[in-house]
Amino acid sequence: MSVLTTAPRVDTNKVIGTLLSDVTLRDLDDDGVRQLVDLAAERGVLFFRNQEMTLAEQVEFGSRLGELHIHPAAKAPDGYPEVLLVHTDENSRYTAGDGWHTDVSCDARPPGLSMLRIEQVPSAGGDTLWASMYEAYETLSPSFREYLSSLTAVHTGDLAYRGRYTKDDRDTEYPTNEHPVIRTHPISGRKALYVNSGFTQRIRGLSRRESDGLLKILFDHIAYGVRFQTRFHWEPNSVAIWDNRCVQHHASWDYFPETRHGYRVTTRGEVPFQ
Ligand code: SIN
């Protein structure tokens, strides 16, 4: 079965996000999976409803999207090292992804696709928002884009993980890597803005004040860019698959003290290039 030729689709925003109906991910053939990967590179994030599956089946399907990534900080569910547990309840002090970010951009080869399946939803809220980094790039003025294209930025797991997943991680070294501020998507060939408030610490070669000021401009551009954002309301067994090379996302923690529970698998991407 192939996604593009048979699935009814609704775009959730003109430039980002597509909801595909009548698709059972587990039944997709190789051609369907290839089309899904290409569509994710174009639309940024794809949504599916009613995707009941076991953890083993999610890992199985995720590995058809690419080599699976192992999270550098979070403890995985027993027997599933490639799975990130996404769980928030009345005892939580934070929720994963509560702020604009791309997944694990501190890695040398940061994630390509992420696949999140939510099993338990709160009575209201718990949505996730995504923003297109193609559009974030394209809506900057040409001379600013040209300047940004000459820059690299340092991304570090310290910002997102220190003190979060284990109480005492004083001796833990989280990944720190440098990536171009503007990257080119290997499938679409389009340029995308690649700094995020979750992991990007500083711009290489600028003073602290210049770097903080420039990052603030870019983070605000993303956060206020409502015309290139989309928002998804989860139902039990909804799935979102997004391409971290060209989108950022933000999980909304507006349901405390209720519980939201799900699982993410993520593919390893390539070394970002301009
Ligand atoms: C994440 O992958 O950052 C979590 C997103 C979410 O829980 O909606």
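How many residues does helix α2 have, and how far apart are its end C-alpha atoms? Helix α2, residues 30–43, has 14 residues, and at 1.5 Å a residue these should span 20 Å; the end C-alpha atoms are 20 Å apart, which agrees. The expected span here is 1.5 Å times one less than the number of residues. When I say helix or strand, I mean a DSSP run, H or I with at least four residues for helices and E with at least two for strands, numbered from the N terminus.

Hello everyone, and a word on the model before we go on. This is a predicted model, in which local features need pLDDT of at least 70 and side-chain atom pairs count only at pLDDT 80 or more, while totals for chains, interfaces and linings use all residues. Residues are numbered from 1 along each chain as its sequence is written, and side-chain values use heavy atoms, with hydrogens and water left out.

Let's stay with α2 for a moment. Its buried residues include Gly32, Val33, Leu36, Leu39 and Ala40, and Gln35 and Arg43 are buried too. Buried means under 20% relative accessible area, exposed means over 50%, and partly exposed is in between, using a 1.4 Å probe and protein chains only. Just after the helix, Gly44 takes a positive phi of about 90 degrees.

That brings me to some backbone details. Most residues other than glycine have a negative phi, and most peptide bonds are trans. Asn50, in the loop between β3 (45–48) and α3 (55–65), has a positive phi near 60 degrees. Asn237 also has a positive phi, of about 70 degrees, and its place is the loop between β12 (229–232) and β13 (238–243). Which of these is buried, and which is exposed? Asn50 counts as exposed because its relative accessibility is 63%, whereas Asn237 is buried, with a relative accessible area of 15%. Then there is a cis peptide bond between Phe256 and Pro257, with omega about 5 degrees; Pro257 sits in the loop between β14 and β15.

Next, a sheet. Please find the open sheet of 3 strands in the order β8-β7-β11, paired antiparallel. Two strands pair if DSSP finds at least two bridges between them. At the edges are β8 (176–180) and β11 (200–203), each pairing on one side only. Neighbouring strands are turned by 30 degrees against each other on average, direction ignored; the axes are lines fitted to C-alpha atoms, and angles run from 0 to 180 degrees between N-to-C directions. Strand β7 (residues 152–156) is joined to β11 by 3 bridges, and Ala153 stands opposite Ile203 in β11.

Finally, the pockets. A pocket is an open set of points on a 1 Å grid over the protein atoms alone, where a 1.4 Å probe fits, with protein on both sides within 12 Å along at least five of seven lines; lining residues have an atom within 4 Å of a point. Volume is the space filled by probe spheres set on the points, which are joined across faces, edges and corners. The largest pocket has a volume of about 530 Å³. It is lined by 21 residues, and the closest to its centre are Leu85, His87, Tyr94, Arg164 and Tyr165. The second largest pocket has a volume of about 410 Å³. Of its 26 lining residues, Thr95, Ala96, Gly97, Asp98 and His101 are the closest to the centre. The largest share of that lining, 3 residues, comes from α6.
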